[in-house]
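This report concerns one protein structure, shown below. Please keep the sequence and the 3D view at hand while reading.

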Amino acid sequence: MSKFVFTSESVSEGHPDKVCDAISDAILDNLLSQDPQSRVACETLATTGTVVVSGEVTSQGFVDVERVVKETLVEIGYTDKAYGMDAETVKVLSMLDKQSPEIAQGVDEGAGLHEEQGAGDQGLMFGFACNETNELMPLPIHLSHRLVERMTDLRKDGSIPWLRPDSKSQVSVAYENGNPVSITKVVIATQHNDMLDQFDNESAEHDFVESEMIEKVIKPVLDECGLPYEEEFIVNGTGRFVFGGPEADTGLTGRKIIVDTYGGYAPHGGGAFSGKDPSKVDRSAAYMARYIAKNIVAAGLADKCEVQLSYSIGVAEPTSFYVKSLGTSDLSNAELTEVAKTVFPVRPGGIIAHLKLKHPRYRPTAANGHFGRENELFTWEKTDMVDALKSAVAERN
């Protein structure tokens, strides 16, 4: 019998890196709403009292960067310097430039060496799906997302008013013969108000925070999961978490790519998503790879599915494409790959059109994961190709 424990983590929308992802994607959405052909590669840095926005943009639209930054900070909850940033007083530096014409000619249809729209850069992208959850995601990252999502919801609806925006989660799941059987450890780190005026000392304050997190956040999420769990919970392991946000920890766009995807359960090509328009295959092809994998699992063709795509800058046809079932399908990997090739578009233009990626939909992806969420804007999460896959398999037989 094969036994192991696998761990994934997530971070909340108020984590400094996720703040930067949110700002970058908010700027992207703003430009796409004005000009669907916008080319955007937006990077954000957040530190003490300051947000720096840089990158390359080509668009017929105009974005008021300072306004978008401040509105995004308010949405997240950074409205007081004590929390780690104040949207009203933050200094915003905008250093956006125009996209390189040499990159543009490889992406613009008919402008470069090839007539068809090519990839915006070289790179490799992975997609994954498995039947561990209804959302066809690995259980550790699914639970990690649900924990920080619940903390955010309870903070924003006033149920736990002393919570602050910055938080993290970590979940360890025990597996036997490849299947999750129990949850062995949960870690929560959450920023909170200074409540020493209500408690005798830091230890008493910590005991209160720990109790509230266990009863109102951890147990409700784990109970919904349905698996047994050990009450091995760690809440604010340092004892106290009042000083947080960008003032305590500088944030950068794209620094949480494993949180964004599969929590380390599947490979990652290395490219970040946030702030990039869909001509960047780092984002669009990773979404298509997830879409392919999810539909294959939803069709019952495999219990687990891994997909890889790779591209050369300026070239439409992928330099490689494979589908793996990791030993969970009656079809060979070669057969699954051939079936997928007949069903799914994998050239950049086809991906963008099929998934409708030139429209604003990216700001909601900036926290709680890009995959495994039921949201009509997340077209890559649909399982609308199941019948086409089944028909393609039937035709081969």
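The sections below describe a sheet, a pocket and the cavities of this predicted model.

Four strands form an open sheet in the order 1-8-9-10, and their pairing is mixed. Strand 1 (3-11) and strand 10 (233-235) stand at the edges; each has a single partner strand, so one side of each is left without a neighbour in the sheet. From one strand to the next, the twist averages 15°.

Strand 8 (residues 163-176) and strand 9 (residues 179-192) run antiparallel and are joined by 11 bridges. Within this pairing, Ser-167 has Thr-190 of strand 9 as its bridge partner. Helix 4 (residues 139-156) packs on the sheet, where it touches strand 1, strand 8 and strand 9. The direction of helix 4 makes about 155° with that of strand 8.

## The largest pocket

Helix 4 also takes part in the largest pocket, to whose lining it gives five residues, the largest share. The volume of this pocket is about 360 Å³. Helix 4 and helix 5 (202-225) are the elements that give two or more residues to its lining.

In total, 15 residues line the largest pocket, and those nearest its centre are His-142, Arg-146, Val-221, Glu-224 and Cys-225. By class, the lining comprises seven nonpolar, three polar and five charged residues.

## The largest cavity

The search of the whole structure finds four cavities of 30 Å³ or more. The largest cavity holds about 80 Å³ of space. Strand 7 (123-130) and helix 8 (281-298) each supply at least two residues of its lining, and strand 7 gives the most, with three residues.

The residues that line the largest cavity include Leu-124, Met-125 and Phe-126, together with Thr-261, Tyr-262, Pro-267, His-268 and Phe-273. Asp-282 and Ala-286 are also among them. Seven residues of this lining are nonpolar, four are polar and one is charged.

## The second largest cavity

The second largest cavity has a volume of about 60 Å³. Its lining includes Leu-32, Pro-36, Gln-37, Ser-38 and Arg-39, as well as Gln-117. Asp-277, Pro-278, Ser-279, Ile-352 and Lys-358 also line this cavity.

How do the residues of this lining divide by class, and how many are charged? Four are nonpolar, four are polar and three are charged.

Technical notes
Residues are numbered from 1 along each chain as its sequence is written. This is a predicted model: local features need pLDDT of at least 70, side-chain atom pairs count only at pLDDT 80 or more; totals for chains, interfaces and linings use all residues. Side-chain values use heavy atoms; hydrogens and water are left out. Two strands pair if DSSP finds at least two bridges between them. Axes are lines fitted to C-alpha atoms, for helices over the stretch in contact, and angles run from 0 to 180 degrees between N-to-C directions. Contact means heavy atoms within 4.5 Å. On a 1 Å grid over the protein atoms alone, a cavity is a set of points where a 1.4 Å probe fits but cannot get out, and a pocket is an open set with protein on both sides within 12 Å along at least five of seven lines; lining residues have an atom within 4 Å of a point. Grid points are joined across faces, edges and corners, and a volume is the space filled by probe spheres set on the points. Ala, Val, Leu, Ile, Met, Phe, Trp, Tyr, Cys and Pro count as nonpolar, Asp, Glu, Lys and Arg as charged, and the others, Gly among them, as polar.
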